[in-house]
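Please read it alongside the sequence and the model.

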Amino acid sequence: MAEFSVLGGKDVGALLTGHEKEVIERVREAYLAHDAGDSVNPDSYFLRFPEKPDSRIIALPAYLGGEVGMAGIKWISSFPANVARGEPRASAVLVLNDYGTGRPVALLEAAGISAARTAASAALACTALSVAPPRTVGVVGGGVIARTVCQYLHAAGVPLGQVRCHDIDPASAGALTGHLRDRYASDARESGLEDALDCDLVLFATTALAPYVPAEYRFRPGQLVLNISLRDLAPETLLGADNILDDIEHCMKANTSPHLAEQLTGRRDFVTGTLAGVLRGRVARDPQRPAVFSPFGLGVLDLAVGHWLYRRALDEDRLTPLPGFFGESRRW
């Protein structure tokens with residue numbers, strides 16, 4: 001019987017660093033496998049707390065076929081109040097299960113995995129949907145996800161020459177702009193929301209629970225919006241854009257902006273298609289309209305990146321085995 005192992009956050013970080021293009025490729029393959037039906041990706045399950053409406057813990061179970069051939073589940077918390085204490089907002093673990101036996105084989109620290117797969121998805125969408133390389137980038141939200149998305153955009157060749165950062169917490173905006181200047185020699189500056197929204201490429205990476213961008217706001221033709229945090233935009237804004245989703249059924253839940261647009265109109269014809277459809281050439285954006293990419297976040301992406309890390313950790317002897325973790329190895 002296979003031994004159960006653990007992969008800690010420091011090793012996850014070491015294995016991810018410098019391999020952004022490989023992570024983007026793993027995410028691309030996962031999207032295509034999911035599009036081909038070689039996956040099982042049920043609804044995410046939200047554990048919410050009446051006295052903490054901004055906090056949640058989410059379970060994302062999934063199975064991904066092909067070269068991965070594993071099942072698993074990510075259990076990820078988002079507690080925004082942590083930020084005021086100088087602690088990370090999100091923490092997570094990923095369990096990998098052998099598809100042949102169903103037995104768990106590894107537990108991976110997954111906050112880094114989750115950020116990487118989210119950023120890789122955003123970078124992949126940017127390269128697939130951009131009408132032209134953006135001259136300006138607007139970032140709304142100055143946390144770990146924004147920082148990681150910028151890292152993956154840079155790795156994918158997206159210029160970060162001029163970046164405008166907005167956050168309701170000035171310290172977060174300042175930390176992100178300083179990081180971008182130091183890391184990428186970017187002309188990164190703190191800005192108001194309006195200046196960030198006017199950039200060629202706009203990234204939303206906030207913890208907003210409901211739309212705050214005015215309902216009458218419209219992006220201009222050719223703009224690309226990475227709607228990573230999903231709830232910043234009023235549904236009326238989406239109706240004036242091409243809308244690319246990662247998975248239509250998944251995005252039409254939990255009062256995301258696409259879900260609100262469906263509730264407002266009673267239909268889904270505002271959806272242009274999926275990112276996998278764009279990658280396969282079935283779907284094309286209109287360059288005379290803005291485009292909004294809204295990824296709900298699929299468990300198959302965590303599996304794809306987690307499996308890749310697990311195999312590399314095996315090869316590099318980074319796994320920590322836990323002998324005797326399972327109480328019984330034989331039925332009788």
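The expected span of a helix is 1.5 Å times one less than its number of residues. Helices (H or I, at least four residues) and strands (E, at least two) are DSSP runs, numbered from the N terminus. The model is predicted: local features need pLDDT of at least 70, side-chain atom pairs count only at pLDDT 80 or more, and totals for chains, interfaces and linings use all residues. Residues are numbered from 1 along each chain as its sequence is written, and side-chain values use heavy atoms, with hydrogens and water left out.

**Helix α11**
- Helix α11 (residues 299-315) has 17 residues and should span 24 Å, which agrees with the 24 Å between its end C-alpha atoms.
- Because 14 of its 17 residues are buried, α11 is largely enclosed by the rest of the structure; buried means under 20% relative accessible area, exposed over 50%, and partly exposed in between (1.4 Å probe, protein chains only).

**Whole chain**
- The protein chain contains 11 helices and 16 strands.
- Its radius of gyration is 20 Å, in agreement with the value near 20 Å for a compact globule of 332 residues; the radius is taken over C-alpha atoms, and the globule rule is 2.2 Å times the number of residues to the power 0.38.
- The C-alpha trace spans about 70 × 45 × 45 Å along its principal axes.
- Of the 332 residues, 52% are buried.
- Among contacts (heavy atoms within 4.5 Å) between residues at least 6 apart in sequence, 67% join residues at least 24 apart.

**Nonpolar cores**
- A nonpolar core is a set of buried Ala, Val, Leu, Ile, Met, Phe, Trp, Tyr and Cys residues joined through side-chain atoms within 4.5 Å.
- The largest core has 74 residues, of which Leu-16, Val-139, Tyr-152, Leu-226 and Leu-309 touch the most other members.
- Helix α3 (residues 111-129) supplies the largest share of this core, 11 residues.
- Not counting residues up to four places away in sequence, Leu-16 touches residues including Ile-113, Tyr-152, Trp-308 and Leu-309.
- A second, separate core has 21 residues, among them Leu-197, Phe-204, Val-225 and Phe-270.

**Ser-78**
- Ser-78 lies in strand β5 (residues 70-78) and is buried, at a relative accessible area of 5%.
- Its side chain makes a polar contact of 2.7 Å with the side chain of Arg-89; a polar contact is a pair of N or O atoms within 3.5 Å, where within protein one must be able to donate a hydrogen and the other to accept it, and residues adjacent in sequence count only if both atoms are side-chain atoms.
- Beyond its neighbours within four places in sequence, Ser-78 is in contact with Asp-54, Ser-55, Arg-56 and Arg-89.
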